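Subject: Structure handover

Hello,

Please find the structure below, with the sequence alongside. My notes on what was found in it follow.

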Amino acid sequence: MSLHQLASPPEITADTSMNKPADQSRMDRIVSLAKRRGFIFQSSEIYGGLNGFWDYGPLGVALKRNLKECWWQDMVAGHDELATLTGAPSPYEMTGLDCTIIMHPQVWKCSGHFDLFHDWMVDCRESKRRYRYDHLQGRWASYREQKVFVTTDISGDDAAADLVGRAQKFFKLRAKQVDEIVWSGEVVPLAGTTPAEAIPLAEALGPDAAEPGTLTEPREFNLMFETRIGALAGDDDDRAFLRPETAQGIFVNFKNVLDTSRVRVPFGIGQIGKSFRNEITPRNFTFRSREFEQMEIEFFCRPDDSRAWYQFWRDRRWNWYLNLGLTEGRLQLREHHAAELAHYSCGTADIEYAFPFLADGEYGELEGIAHRGDFDLRSHMEGKLVRQDGELVLETGPDGKPRHRGSGRDLSYFDDVTRERFVPHVIEPSAGADRAVLAFLCDAYHEDNVPDENGKPRERTVLKLHPRLAPLKAAILPLVKKDGMPEVAIDLYKRLKKRMPCMYDAKGSVGRRYARQDEAGTPWCLTIDGQTMTDNTVTLRDRDSLTQERVPIEECVDLLTERLQ
Ligand code: GAP
């Protein structure tokens, strides 16, 4: 999400007391597989780890790179600017950028992040723990003469159970007395749905507190990480920030791209890169991290076509996730209500996924597609803008001067065919690479029963990743380490490796080797056996259908290359 003032919806639906519990045990098994097979590790684990930071291991780095390459190829490098894609008002061009993480501090002042990119936090004076104000929810509980608003920072049905446990502890009851607690009202956010409905903090029992009234008043907390530039840095003027989104690098380079390439509006600029947000409560594995990667497009178009382009990008991005194999039933496209929209936005939709750590009916944001109007380009021309009476105007300070001065550079566009000059409108499909990896991992994770080489059912864990995403595309397995099989297998491995990532594995029974590849998400196994030595065919095993077909060894490389495409 973006600037606090924009009143974005929580990424995860808040009141879930009626929902089914999250499938935490499934999530635990996915996290365990991710660690065990080298997909994702906690950062700096040997020193106890660092909350909100994650490393990608050997299989994870390949999966994440494949995902980013799919995005880059499908959205930017492989885009056909001569074709009119389904739903597009016209053909369009795409190009790319790679901007710095630290930018001129004025960028963040004009974009609004310096003043507005914050969350509200509350501290507990007793437990010394910190919470995001909008993540706390609770319910009024009474026992005899005492009444208190019990809170929890857990979402989903687990929240209801947690509230009961906390109330029991507070009223000092035995388990069999729990039913004597009288609950009133529903589970509601501590912050209320409007400020007037906020629960008085004096009556709220903090999630880890023994007494009510220990939560501090909510305070703003800017999510941008600060740093200092230069060896002699000292005063506030040396303050710089790690970018909280890649988008601004694109806006400030808009003119450079126009002046140095032959792109004409409509066109888009794509960028993949790290972003940093000092999240108050990172949680749910990599879902909310403090360091993460974004894949963002800023698409510049004529104002009068912008609605059609917004629709186009919503559909295009939705289909991208489906084409790479996410289950449609676990995805949802949610249009923001008018009240949720950013002050500059005419429309925003989120593509959301039903992650297993969320209760049934809850979804977490994978990507936002926003119609941003001319807000960004104008902000970097004129200075920080605010909406007044429905119009975007320059924000001024008490002295009447601009609060944050823009670059003063002309970022308008001259259309040499229509002879018109205008500030392009922007459609922004903004995706998170780490969240997408997590969604594809969760979606691909299956446990089933398959017959082993003796026909006996065997439990297996399999990652049914799309072949384009799979870290390894194939494994080459000699049935035994003799009779000339390893030599034939190594020759095939060397030829295939030139076309795609694959591995040679001769260790253990073939059943165990299949199981290892299933867990890694490898779509195909090629087994060299006794028959290979007589008729030059190999067994091609498909991870998902489990079919085994005999394929001439000389055709394997071309066949898999074709299937991969
Ligand atoms: N330029 C617009 C923008 O940054 P956003 O909704 O704040 O919009 C876009 O972020 C995407 O970045 C999100 O949909 C999500 O996939 C990813 N993202 C945002 N914060 C994240 C975090 N703390 N951890 C992991 N991914 C995050």
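Buried, in these notes, means under 20% relative accessible area, exposed means over 50%, and partly exposed is in between. By that cut-off E365 is buried, because its relative accessible area is 13%. Please keep in mind that this is a predicted model.

**Single residues**

E365 belongs to strand 17, which covers residues 364-373. Its C-alpha is 9.6 Å from that of L333, although 32 residues separate E365 and L333 in sequence.

Two aspartates also fall under the cut-off. D119 sits in strand 4, residues 118-123, and counts as buried because its relative accessibility is 10%. The side chain of D119 makes a polar contact of 3.5 Å with the side chain of R132. D162 is found in helix 5, which spans residues 157-170. With a relative accessible area of 17%, D162 is therefore buried too. Setting aside neighbours within four places in sequence, D162 has contacts with T152 and I154.

T95 falls in another class. It lies in strand 3, residues 93-96, and its relative accessibility is 23%, so T95 counts as partly exposed. What does T95 touch, not counting residues up to four places away in sequence? The residues are V76, V257, V263, G268, I269 and G270. A separate C-alpha to C-alpha distance puts T95 at 7.4 Å from A77, with the two 18 residues apart in sequence.

**Helix 8**

Helix 8 runs over residues 306-323 and has 18 residues. From its first C-alpha to its last it reaches 25 Å, which is close to the 26 Å expected at 1.5 Å a residue. Which residues of helix 8 are buried? They are S306, W309, Y310, F312, W313, R314, R317, W318, W320 and Y321. After helix 8 comes G325, which has a positive phi, near 105°.

Next is an open sheet of five strands, in the order 26-25-27-28-29, with mixed pairing. Its edges are strand 26 (502-504) and strand 29 (548-552), each of which pairs on one side only. From one strand to the next the twist averages 25°. In general, strands of a sheet pair through backbone hydrogen bonds, either parallel or antiparallel.

Strand 28, residues 537-542, runs antiparallel to strand 29, and five bridges join the two. Within this pairing, L540 stands opposite E549 of strand 29, and T537 stands opposite P552 of strand 29. Strand 28 and strand 29 form a hairpin with five residues between them. In the turn of that hairpin, L546 has a positive phi of about 65°.

Strand 28 also pairs with strand 27, again in the antiparallel sense, over four bridges. Here W524 has D542 of strand 28 as its bridge partner. Strand 28 is mostly covered, with five of its six residues buried.

Helix 12, residues 510-520, lies across strand 25 (474-478), strand 26, strand 27 (524-528), strand 28 and strand 29. Helix 12 runs at about 170° to strand 25. Helix 14, residues 556-564, lies across strand 25, strand 27, strand 28 and strand 29. The angle between helix 14 and strand 27 is about 170°.

**Cysteines**

How many disulfides are there? The count is zero. A disulfide is a covalent bond between the sulfur atoms of two cysteines. The cut-off used here is a pair of cysteine sulfur atoms within 2.5 Å.

C502 counts as buried because its relative accessibility is 2%. C556 has a relative accessible area of 2%, so C556 is buried.

Regards

Note on methods:
Residues are numbered from 1 along each chain as its sequence is written. This is a predicted model: local features need pLDDT of at least 70, side-chain atom pairs count only at pLDDT 80 or more; totals for chains, interfaces and linings use all residues. Side-chain values use heavy atoms; hydrogens and water are left out. Buried means under 20% relative accessible area, exposed over 50%, partly exposed in between (1.4 Å probe, protein chains only). Contact means heavy atoms within 4.5 Å. The expected span of a helix is 1.5 Å times one less than its number of residues. A polar contact is a pair of N or O atoms within 3.5 Å; within protein, one must be able to donate a hydrogen and the other to accept it, and residues adjacent in sequence count only if both atoms are side-chain atoms. Two strands pair if DSSP finds at least two bridges between them. Axes are lines fitted to C-alpha atoms, for helices over the stretch in contact, and angles run from 0 to 180 degrees between N-to-C directions.
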